[in-house]
Amino acid sequence: MAIELIHPGNFDQPRSDVLTTQAIARVTPAVSIAHLGAMWRHLGDASGKAAADRKLPKGLDAAWDAGLGAVYAFMPRTRRYLHRAQRIVAISDTLQTVSDARLRQELVELRVAFRLNRQRSSDVDRAMALVRETAQRQLGQRPYPVQVAAALALYDGCLIEMATGEGKTLTATLPAVLAGWRGRGCHVITVNDYLAARDAQNMGPLYRFCNVSVAAIQADMPPVQRRQAYRADITYCTNKEVTADHLRDRLILGRQRGLVAALSAQLAGGDPRVESLVMRGLERAIIDEADSILIDEAVTPLIISGEAPNAELVEAYQQAATLAGDFEAARHYTVNHKYREVRLTNAGRGHLRQRGAAMGGVWAGARRAEELVTQAITARELFLPGKQYVVREGKVVIVDEFTGRLMPDRTWRDGLHQAVEARELLDVTPMKDTLARISFQRFFRSYRTLCGMTGTGREATMELWRVYHLPVAVMPTHRPCIRRHLGTRVFADAASRWGAIVQDVRQMHQHGRPVLIGTRSVAASERLSELLGHEGMPHQVLNAVRHEEEANIIAQAGQRGTITVATNMAGRGTDIRLGRGVAELGGLHVIAAEPNESHRIDRQLFGRAARQGDPGSAILYMSLDDEILRRYAPPLASAALLPRHGAAGGELHRPLLRRIIRWAQARAGRMARGQRAAVLRNDDWLEEFLGFAGAEE
Amino acid sequence: MATDRPTFHESWHRVADLRPTLRGAVQIGRQERRGRVWHVVQDPSGHQFFQLGAEGYFFVGLLDGKRRVGEVWALCNQKLGDAAPTQGEVIQLLGQLYAGNLLASDLPPDAQGLFERYRKRVRKEVRGYLLNVLFARIPLWDPNDFLDRWVRVAGWVFTKVGLVLWCLLLAVAGYFLVGRWGQLFAAADPQTMLNPDNLLWLYVAMVLIKAMHELGHGFAAKHFGQLGHTGGDVHTIGIMLLVFVPVPYVDASSAWLLRSRWQRAVVGAAGMYVELAVAAVAAIIWAQTSNTSSSLGTAVHALAYNMMFIAGISTILFNGNPLLRYDGYYILSDLLEIPNLSQRGKDQLHYLVRRWIFGVRQAKEIARSMSERFWLLLYAVTSGIYRVFISIVILWYVADKFFLLGAIFAVVTLVGWLVIPAGKFVHYLLTSPELLRTRGRAVLATAVTLTVIVVGVGLVPVPDRARAEGIVQPVMRSELYMPADGFVDAVLPSGTTVQADDGVLIEAHNPLLTAREKELAARLEEASLRLRAARAKEQAEAQTLEKQVRGLEQQLAQVSAQRASLHVRSPLTGQWIAPDVDRLPGAYVRRGERLGVVADMSNLVVKVITDQTLGPRVAPEVGMDGVVEMRVKGRPDLAWNGRIIRIAPAGQQSLPSAALATVAGGSTPVDLQQRDDVRALEPMFEVQVQPTAATSDRPAVLYPEQRVIVRFSMPPRPLGAQLWRMLRQAIQRRFQVGDLHATPRS
């Protein structure tokens, strides 16, 4: 079996990435009573209230919900949490003299209250204070009042916005400990395995002191270990792993879902299936980088697939790639770049019929043939090496367009991957059969309590409320932020933009300031790397493939004189600490080489500079042929931009341009939001229609 | 992928391993419609029908509970090639079949989903009731067993023999009716129809007839169902509150399974078929009984008359009308071979808007052929307009009878037909995923349409006109009366133009006057002679005689003048109008009798009676010297222009001419209590208009006392403002808001 992740793309044109894992061996070791108990609860939830809640409200209900959201989600709550945090800090300061043993005992006492779910508000405050003190003793880090306030908000089920570098990892431990005490599991979701392992490792002493067990899920873990990890009070894992495990459990349960079915099976003499489940329910999740998981990747469906070898079809893809060579743009097909789709014209169809008739087999029928050829043409026209994918070691590796990350073990779905492989003249991997499927959006809606942390979340307040019922709390920085924003520089074309960036880098480099350049795509990062190499400037290139290595590199990116070229998401979750003397030089300089589809992502990148009161600066470069403008700028605005200043290569000074970027970003956001809502609705619709086939989750 | 029917579906894995099959009790009928084969699938409880195309049927037919869906799909692909259903289509098909409880599967039932669907259906039904209070349905009885038992007896009605007999019956009835044509409509006076004594009978008759109508459907469905071995189950008879009048209805939808469209059409027409037969029988009875026989005879006569009308007229008006969703509609849809005509018509309309106005590329056309396109569109448009029209009529009627109820229904109807669809549309416009790419265009198109409507109705001034009735009268006119008794000798023909004091209009003589004149003349001569003689003799006598002579002279002059006045002359220049003058010659006419009128035709005035709503608007909005148009009442081809020369400053109740009163054929209601004077019920405002020029092609002359319709053109104003004013006026008038006058109902 394999896990497949479908990448968020256009609604009509979903692309998928497949993540392959080894087949799961049926595991039958003894299962603890506690594990089973939690599981029964879980099964009960799946069929009961939670299922009804999971549907998006419709009609007037939706209006009411939106109205409620407008009031509740936007309610100012930060100050309340900060006040409470002050009280907790005060309590915590009195604990400094208490002995370890005494501290431990108090923690145990509180733990009982939490396990019985009899905690009062004062208990929560006291617990937070105790954990804060424990953190100081075990980790040497004492959460700031801001972090305590954020922890309170998380505990209450909010999504908190905290600036980069404010210590989100530490913040998460406070609510995690409290949730761990409850004994029903708490998943701390991180963006990659490396971070999961690292955080579980680093925060381990704190947890152990607080009497909660902690574990991390890794991609290559066998099921037995996975189950043990999920049995821990706190489990660090990636969104992908936890979702995949959920799906695998679903597959094991088969169509006999829900509490009643499982119970009756159990009564009928112990159902081995129940015992081979890995997870024990979705009680609470604390999501790091919540905006990227809950919004950007929300509609990415995760698919578990099985092999379905079909030699005929493999050949068909190769034939299609050859056949597509005959088709001419405009005459045989049209390409819509805005919506990224290819359509055959009538002439194209006729041409295909002619050719197909001669070939026979799959090609005899018009519909399949059309699909295959359209796919082949799409692969040729819209999927560009370096942008949508790269070829590594004879394999097509997908690049996440949103973040520029490489996704080494994913494939596109519906044969698109095969079409791209055929186009690159690689071995075509056989198409796989879907066994189970769920989108992150739906998956995370299944948690009983959800909370999250992000560097940038306020832009999505309304959507977070609508989909997840998550209110957003924006936390202030511990120290005032002194990042200088150097604005936006606009160039007529890409070449002049790159030139200007290189110049900027050189200037900074001469001063000894570290520079971080964020690019949108792997291709762009490679191009810049080439330019920098030309200029003889030493630099590091990251494209978010090997997380651990990159985390180390990025941790060094604040050293004097370093130049780091990274795709946006590279090395996330790792602080860039300034090297010695760098602060005096002006701190880290962050260059965004191209505006992203969402201003949120731009802000995330900028947030890397000037963390925790350090100095720093950020600047955005763009050119008129950037994708965001081409795809989302209003046609009229593009026309207005056409009369460029003088010859190509110049820098443009037009205040209007910045407006247009914002406009395009807003539009891109709107469209993406619409797509996500459509996917969710479509899921609801399918749920209703496929009721007979058993519930999906 | 930009493919219209993508082969694969992302949720395929959820159904691929299932082994479903149709439930055992499901019935399937095969039909050929518009050259395509369809299979109609009925669920066991008989409430829902699904139709499957040949490919869908092929697929469903292969589902035997042993094969997996995936295998069946592969088989279909092998067998049908491009026509095979795609994975998405299969999912949709299975989902629909399952939702209709037509599918048995190897899975434990999805109890929650079942309840969810049930709740949804109930909610939908309740909402349907609330929004459609004017057409609510209440099921009462399951007539299936009854029909089964009696269909052998009643079924022959729908055979060819039955049809021939039916035709004969109608012919006989027609024969009798032709013979008593005059009586037929003389009796149709609503006064006798709605006689309270009759009302109960009328209602009983109606219920009886409608029950027979429904049984007609039931028997027909049963008859043909058994003939075609589709069962023809009829499980519901109930009562429909048609604008609060309970009428029976029957659910004969099992006719959907019938193979021949003619049979289906006959099932639809069976109700009317039976009703017309009843009407024919009633007509014969009516013709054979008389009003004047025994009291029983009278009752039978009246009842037969009523039944004839209910069964005959209501059938044709209500049931036969394909624009309402009654029998006629189903017959039409069967004959056109377009099931769900109404819904699909609407969908086709939506499709056209979505595809061509909103630019939704993936919109699927409903119609499958050019002719279907035509029919769907035609039906959608006409039935839409008709529905709006009929509901306004019904609302108006209900509101007229019960003000509060009417207001409530108006609100409910408004919500159901305007607010909710508008809300849905806005929701669609803002959130529908299919508009993802063209939302801008869709919103723009909607906005433009709305703007056009708003500007058109609310801002663009259109001519605002009002009509009122007036009467033509000359400004200068003189009524001539017989100055003295006399025999008319000669008359000037009516219509002759006469000059003042010139020529004789009527020449008459009075022998008595002539004789008296002669006598007086003779006596005067005698007296004169005696005076002359007396003067010579005695002074005193002469003085007496002198007085006598003077007296005689005076008398003579008087009589002479009287006699002269029998030559009637016109006092003014104008036209001599005396319609009855031709019968005068030779007649003895007493003094003071009206002879005719001499009117100055070159100087006519039209006195227009404007009511309260119009009168006060004339002065400010048209004003003195304002130009109006006039047409002769009954001769709209004769037209004049006119100029307002006088506007009465205050209202009055006396009419310038009795001809304007309703009793005389005019349009102004008058107070019938006032015997001597013609007084309008409501104050009137008189406006005098001077005709300026004839505007019609043919030469035309205005005649005094002619009734004309005068059209005032107010300053143009937006249609919306005009409609709003009219509505307010109408409501005010209808509901007597602040008016104590009761309009007499005749």
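1. Arg226(A) and Glu241(A) form a salt bridge, with 3.0 Å between the closest N and O atoms; the term requires a side-chain nitrogen of Lys or Arg within 4 Å of a carboxyl oxygen of Asp or Glu. Arg226(A) belongs to helix H10 (residues 223-231) of chain A and Glu241(A) to helix H11 (residues 239-253) of chain A, so the pair ties together parts 15 residues apart in sequence. Helices are DSSP runs of H or I, at least four residues, numbered from the N terminus. Both Arg226(A) and Glu241(A) are buried (under 20% relative accessible area, with exposed over 50%; 1.4 Å probe, protein chains only).

2. The model is predicted: local features need pLDDT of at least 70 and side-chain atom pairs pLDDT 80 or more, while totals for chains, interfaces and linings use all residues. Residues are numbered from 1 along each chain as its sequence is written, chains are lettered from A in the order in which they are written, and side-chain values use heavy atoms, without hydrogens and water.

3. In helix H11 of chain A, Asp245(A) and Arg248(A) are three residues apart, separated by about one helical turn. Their salt bridge has its closest N and O atoms 2.7 Å apart, and both residues are buried.

4. Arg120(A) pairs with Asp123(A) in a salt bridge at 3.7 Å between the closest N and O atoms. Arg120(A) is exposed at 56% relative accessible area, whereas Asp123(A) is buried at 12%.

5. Over all chains the count is 54 salt bridges. In chain B, a network of them links Asp464(B), Arg617(B), Glu621(B), Arg717(B) and Arg725(B).

Definitions and conventions:
Helix = DSSP H or I, 4+ residues; strand = E, 2+ residues; numbered from the N terminus.
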